[in-house]
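Thank you all for coming; please have the sequence and the structure open while I talk.

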Amino acid sequence: SGAVIHNGATDQVLENMYKIINNFKKHLHLHDVLISECINSLLTSLYIAAHGLDNVLNDHDPVERSIKYIKSNYQNAVSLNDIAVQVHLSPFYLSRIFKKQTNYSPHEYIIKVRIDKAKELLKKTPLTVAEISYATGFNNSSNFINKFRKLSGFTPKEFRSLKL
């Protein structure tokens, strides 16, 4: 009993197969990364189709899924590779489309999410700056304070004292 490909997943599988075949037929000298991306996309679409995940994963674009993953894991050490694995794309390609759609690199977006959460904690909790820095995924307070000042224009203590 083999896997059967259902619904719109066949379109994605066929599109990826034709892209690979046409590139080889035309003897295009594609960069290894582009060939790898095509093969990765083909294998991902086959996996999704074989496991009945097409409705779950194909309903959201990879950048949206990346953002959701970042927001759920900002307090941990999150790398571009971690995110790419979650959305089934190469790190290079994910980084490119993420920047195009959000105007942030994935790393910049992680920092933004952490700082936004830190602002919330500064206003709503009595936690110290050091506690907030660790709770939001920064590995030291100094780095946290520098990033916070750079993005907000205030130190965490100055921000906490603002009447917002």
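**A pocket, a helix pair and a lysine**

Lining the second largest pocket are Tyr104, His107, Glu108, Ile111, Lys112, Ile115, Asp116, Lys119, Lys147, Lys150 and Leu151. Before I go further, please keep in mind that this is a predicted model. The volume of the second largest pocket comes to about 200 Å³, and if we sort its lining by class, we find six charged residues, four nonpolar ones and one polar one.

Which helices supply at least two residues each of that lining? They are helix 7, covering 106–124, and helix 9, covering 141–152, and it is helix 7 that gives the most, with seven residues.

Let us turn now to helix 5, residues 80–87, and helix 6, residues 91–102, which pack with their axes 9 Å apart and at an angle of about 90°. Since angles of 65 to 115 degrees count as roughly perpendicular, helix 5 is therefore roughly perpendicular to helix 6. On the helix 5 side, Leu80, Asn81, Ile83, Ala84 and Val87 take part, and they meet Pro91, Leu94 and Ser95 of helix 6. By class, this contact between helix 5 and helix 6 has six nonpolar and two polar residues, and no charged ones.

My last stop is Lys163, which sits in the segment after helix 10 (156–161). Is Lys163 buried or exposed? Lys163 counts as exposed, because its relative accessibility is 81%, and the cut-off for exposed is over 50%. Lys163 and Lys123 are 40 residues apart in sequence, while in space their C-alpha atoms are 9.5 Å apart.

Terms used:
Residues are numbered from 1 along each chain as its sequence is written. This is a predicted model: local features need pLDDT of at least 70, side-chain atom pairs count only at pLDDT 80 or more; totals for chains, interfaces and linings use all residues. Side-chain values use heavy atoms; hydrogens and water are left out. Axes are lines fitted to C-alpha atoms, for helices over the stretch in contact, and angles run from 0 to 180 degrees between N-to-C directions. Helices (H or I, at least four residues) and strands (E, at least two) are DSSP runs, numbered from the N terminus. Angles under 35 degrees count as roughly parallel, over 145 as roughly antiparallel, 65 to 115 as roughly perpendicular and the rest as oblique. Contact means heavy atoms within 4.5 Å. Ala, Val, Leu, Ile, Met, Phe, Trp, Tyr, Cys and Pro count as nonpolar, Asp, Glu, Lys and Arg as charged, and the others, Gly among them, as polar. On a 1 Å grid over the protein atoms alone, a cavity is a set of points where a 1.4 Å probe fits but cannot get out, and a pocket is an open set with protein on both sides within 12 Å along at least five of seven lines; lining residues have an atom within 4 Å of a point. Grid points are joined across faces, edges and corners, and a volume is the space filled by probe spheres set on the points. Buried means under 20% relative accessible area, exposed over 50%, partly exposed in between (1.4 Å probe, protein chains only).
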